[in-house]
Amino acid sequence: GKRYGMVFDVRRCTGCLSCTVNCSMENRIGDARRRTTVGQVELRGPTGGEAVISMPRQCNHCSNPPCVQVCPTKATYKRSEDGLVVIDYDRCIHCMNLFLRALMEPGSPTARTRLLLEVQLLQAGLLPACVESCIGHARIFGDLNDPTSEIYKVISSSKTYALLTRHGTKPNIFYIGLPDSVKDEVLLKLDSNDCSGKETLC
C-alpha cells in the first residue's frame, strides 16, 4: 500500500515561512497551533567555517508513532491506507497525553510539531499546502513505496537523515543537506519562526 512521506532539502529552504502561513490558512488555525515551523540553526564546520540554514519541522508521521500509543480515546491514529498520522478532533478530549509524552520521553516528537498534513487536499488529489507554496522547492511529498515517485527517487539517490531514529519511531519525514554530526536535541527544541535566534547544530 501507500506510505506517504516528505523530504526537506535544507539547502533549498529560504526561511520565507510560506509553508507555515499557507498551512495555517488552509487549516484555519491560529499562531498557537502551527502545524509546520521553520527555525534557524548555525552550522560550524571542522575547519571553523560557519553557515546558517533554515530548518523546517512538523509531524514526522512515524511508522511507529508514540502519540498513537498514548491516546486514550484513539483520537490520534495512523491511517491504514497511506500511513499518515491524523487526529480526530471530535474524539480528542485534550488530555495532554501527547504533550506529556513529548516532555517525558526524548524519543517522542515535541508537542508543537505533533500535527498533520492536509488530508482533505490529498483526498482531492492535491499536494499539501506547505509543499505547493514552497518557493524554494525544498519540500518533496509522495508515496515512499512507489519506485516511480519523485520522493522515492530522491531518497534512493541522496544522503538523507531522519530525526530520532534511534528511538524506534521510524519517521517518514527525511532531510537532505544536514551534516553528519547533527544534534537531534537541538533540532527538536528549535522554537523560532522569526530568525531572531540561532541554535548551534553541530
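Is Cys19 buried or exposed? At 7% relative accessibility, Cys19 counts as buried; that word means under 20% relative accessible area, while exposed means over 50% and partly exposed is in between (1.4 Å probe, protein chains only). Before going on, keep in mind that this is a predicted model, where local features need pLDDT of at least 70, side-chain atom pairs count only at pLDDT 80 or more, and totals for chains, interfaces and linings use all residues. Residues are numbered from 1 along each chain as its sequence is written, and side-chain values use heavy atoms, with hydrogens and water left out.

Cys13 is in no disulfide, a disulfide being a pair of cysteine sulfur atoms within 2.5 Å. Its nearest cysteine sulfur belongs to Cys19 and is 6.4 Å away.

Now look at strand E1, residues 4–9. Strands (E, at least two residues) and helices (H or I, at least four) are DSSP runs, numbered from the N terminus. Six of the six residues of E1 are buried, so this strand is largely enclosed by the rest of the structure. Tyr4, Met6 and Phe8 are buried on one side, and Gly5, Val7 and Asp9 are buried on the other.

What does E1 pair with? Two strands pair if DSSP finds at least two bridges between them. E1 pairs with strand E6 (residues 139–143) in the antiparallel sense over five bridges, and here Met6 stands opposite Phe141. E1 also pairs with strand E8 (residues 173–176), in the parallel sense over four bridges, with Asp9 opposite Ile176.
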